[in-house]
Amino acid sequence: MATQFMAYFNGEWIPADECKVSIADRGFTLGDGVFEVDRTFNGKIFDLNGHLDRLFRSLKYVRIDPGLTYQEVADISEEVVRRNWPLVASGGDMTVTQRITRGIGRSVAETGEPTVYIGGAPLDFNRFAHLYDQGCHVVFARTRAYHPDSLDPKVKHQSRMNFVMADLEANDVDHGSWPVLLDLDGNISEGTGFNIWIVKDGVLKSPEDRTMLQGISRKAILELAKNLDIPVQTENIQLYDAYNADEVFISGTSHCMLPVSKLDNRPMEGNMPGPIVSRLISAWSEQVGVDIIGQSRSQVGLE
């Protein structure tokens, strides 16, 4: 049995730590690439089609031909799980990443073959397992989200220096916090790899998706809310709205949902998680056959 994770890299299956990218690869030199990060529940990739639909929309937008069909990428992604599942801790799960760059070339006219990586890793519960009942801290950074006239945020791309700057700013304000960016008009946009939500008077509210990534977890929550008859609005949300919300939470692939207990060092009132978050995450757990909070806590020794 293999003792380390195996990955698909440019047509070969090799140990993940042997996947080497050229110093001249445009993904390294220019961030010229797109990617997806999925997770499993009980060894099954959650909404693989949703991730791959978004991946191929991103590829089409930036005009990268991966040299693989949609079905081939799907099959390879599922093979990543099959090959590596024996290495996942009992009761745990894993992530699967599809990362595709334009390859090597000084200009887009001179590039050759793309660089294609599809690999996995054990899902790391350490950053968020304790936050389901403590809540995470969010800081709204001064660095703004990309405007769609510059680079459409609906593309999951590797050009993410604004996320890095937002992360630096947030940690200056509140160490270990989760940064959220605003758009150029001052509306709440997205986090650095997650979406943000507010609840007011029983209504679940999400920012409009013009200046943010259309999250797969966001899509799942919208569907869960519909099934639970929770009213939903997508609209422009300002800082005023967030500071006065009854609940605030974030959503992302690894953690699914996390309540927010502080906004810009302002404590949120009420128990963590709040009633709407509790209903949604319970429904999500039932849908995937995994106690999402219980799994996370048990994997880091909190239960």
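This is a guided tour of one protein chain, stop by stop, for use with the viewer open.

Before you start, note that this is a predicted model, in which local features need pLDDT of at least 70 and side-chain atom pairs count only at pLDDT 80 or more, while totals for chains, interfaces and linings use all residues. Residues are numbered from 1 along each chain as its sequence is written, and side-chain values use heavy atoms, with hydrogens and water left out.

**The whole chain**

Begin with the cartoon view. The protein chain holds nine helices and 15 strands; helices (H or I, at least four residues) and strands (E, at least two) are DSSP runs, numbered from the N terminus. Along the principal axes, the C-alpha atoms fill a box of roughly 55 × 45 × 35 Å. The radius of gyration is 19 Å, which agrees with the value near 19 Å for a compact globule of 303 residues. That radius is taken over C-alpha atoms, and the globule rule is 2.2 Å times the number of residues to the power 0.38.

Now colour by accessibility. Of the 303 residues, 52% are buried; buried means under 20% relative accessible area, exposed over 50%, and partly exposed in between (1.4 Å probe, protein chains only). The chain exposes about 14300 Å², with carbon and sulfur atoms supplying 49% of it. These areas come from the Shrake-Rupley method with a 1.4 Å probe, and for residues only the protein chains shown count as cover.

Contact here means heavy atoms within 4.5 Å. Among contacts between residues at least 6 apart in sequence, 68% join residues at least 24 apart.

**Aromatic pairs**

Next, show the rings of Phe, Tyr and Trp (for Trp, the six-membered ring): they pair if their centres lie within 6.5 Å, with planes under 30 degrees apart counted as stacked, over 60 as edge-to-face and the rest as tilted. By this rule there are nine aromatic pairs. Select Tyr-8 and Trp-13, an edge-to-face pair at 5.9 Å centre to centre with 75° between the planes. Tyr-8 is buried because its relative accessibility is 12%, whereas Trp-13 is partly exposed at 24%.

Then move to Trp-178 and Phe-194, also edge-to-face, at 5.6 Å centre to centre and 75° between the planes. This pair links distant parts of the chain: Trp-178 sits in strand 8 (residues 178–182) and Phe-194 in the loop between strand 9 (188–191) and strand 10 (195–200), 16 residues apart. Trp-178 is buried, with a relative accessible area of 5%, and Phe-194 is buried at 6%.

For a cluster, select Phe-41, Phe-46 and Trp-284, which together form one.

**A lysine in strand 11**

Go to Lys-205 in strand 11 (residues 203–207). Is Lys-205 buried or exposed? At 17% relative accessibility, Lys-205 counts as buried. Beyond its neighbours within four places in sequence, Lys-205 contacts Trp-197, Ile-198, Gln-233, Glu-235 and Ile-237.

**Gln-214 and its surroundings**

Gln-214 lies in the loop between strand 11 and helix 6 (216–227) and is partly exposed, with 27% relative accessibility. Setting aside neighbours within four places in sequence, its contacts are Arg-54, Arg-57, Lys-154 and Asp-209. Draw a C-alpha to C-alpha distance from Gln-214 to Val-155: the two are 8.7 Å apart in space and 59 residues apart in sequence.

**Backbone stops**

Select Arg-63, in the loop between helix 2 (48–62) and helix 3 (70–84). Arg-63 has a positive phi of about 60° although it is not a glycine, and it is exposed, with a relative accessible area of 74%. Asp-264, in the loop between strand 14 and strand 15, is another residue other than glycine with a positive phi, near 50°.

Continue to the cis peptide bond joining Met-272 and Pro-273, where omega is about -10°. Pro-273 is in the loop between strand 15 (266–267) and helix 8.

**Helix 9**

Finish with helix 9 (residues 292–299), whose buried residues are Ile-292, Gly-294, Gln-295, Ser-296 and Arg-297. Which elements do the buried residues of helix 9 pack against? They pack against strand 3 (33–41), helix 4 (131–134), strand 14 (256–263) and helix 8 (275–288). After helix 9 comes Gly-301, with a positive phi near 80°.
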